[in-house]
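Hi,

Here is the structure I promised to pass on to you. Please open it next to this email and follow along.

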Amino acid sequence: MESAPTAAMTFAIPSTKAQARYRLLTRPTNPFTVPARGLAQRPPSRHPWIRAAIPRTKKEATVETVREQLENCYLLAGINYKGFTVKQFQELRKTFPDSTKLIVAKNTLVYKALEGTPWETLKPCMKGMNVWLFVHTEEIPAAIKPYRDFQREKKLEDNDFTGAVFEGKFYGPNDFKKLETLPTRAEIYATLLGALKSPSSALVATLQAPARDLLLLLKAHIKNLEEQQALPQ
């Protein structure tokens, strides 16, 4: 009895070129092997620590800039500048005198520079978008007025002062009237000189004024006496 014919089985053997490609795709990647040409691979990042150091360097520079501005600073105030255009910000910078400095910096970096100093009472301002005003003059009202004029002209009612620190005390947005109405140096001089020529009761009232005002008045009087003595007889 003849056996049933065996079914023919065929195998498609890939070409040599296809075999090489198959081996290339299935072979585990060797990290020390140079990638073959023609395969799109993303090149490894070179010196990632350099990119990480650059932002850190900028942050440290910002903190140092804030600390430098605190030297001989009489008042530090925050201004809400959310929604400001680049043009508006440039115009604002031009309105301030040389005795003030306007700096844009993150709240966290500013507070890092303020920590451990009398200025850290500005902490309630550390939210939202602030531009920081450093005032390097005793004439506080004159330093604040340029922004008030700018705010009124540009109708920026929502972009008010967020707070300030003056002589270690925090002033909220509703307290700025006190800062804006501080007497000028000339007014303080006039008050002291008038008190020195007035009855003792007026002098006592002057002596009960804040120490800073009294000190300025005394300096003015001493300077006035020195100038009189220097005049030719």
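Below is what I found in it, one part at a time.

First, the ground rules. This is a predicted model, in which local features need pLDDT of at least 70, side-chain atom pairs count only at pLDDT 80 or more, and totals for chains, interfaces and linings use all residues. Residues are numbered from 1 along each chain as its sequence is written, and side-chain values use heavy atoms, with hydrogens and water left out.

Let's start with helix α5, which covers residues 140–153. Helices here are DSSP runs of H or I with at least four residues, strands are runs of E with at least two, and both are numbered from the N terminus. The expected span of a helix is 1.5 Å times one less than its number of residues. Buried means under 20% relative accessible area, exposed means over 50%, and partly exposed lies in between (1.4 Å probe, protein chains only). What covers them? After α5 comes Lys-155, with a positive phi near 55°.

Next, look at strand β1, where 5 of 6 residues are buried. Two strands pair if DSSP finds at least two bridges between them. β1 pairs with β3 in the antiparallel sense over 6 bridges, and Asn-80 stands opposite Asn-130 in β3. β1 also pairs with β4, again antiparallel, over 5 bridges; here Ile-79 has Phe-161 as its bridge partner.

Now the cores. A nonpolar core is a set of buried Ala, Val, Leu, Ile, Met, Phe, Trp, Tyr and Cys residues joined through side-chain atoms within 4.5 Å. The largest one has 24 residues, and Leu-75, Phe-84, Tyr-147, Phe-161 and Leu-179 have the most contacts inside it. The elements giving two or more residues to this core are β1, α3, β3, α5, β4 and α6, with the largest share, 5 residues, coming from α5. Apart from this core lies another of 19 residues, among them Tyr-111, Trp-119, Cys-125 and Trp-132.

Enjoy exploring!
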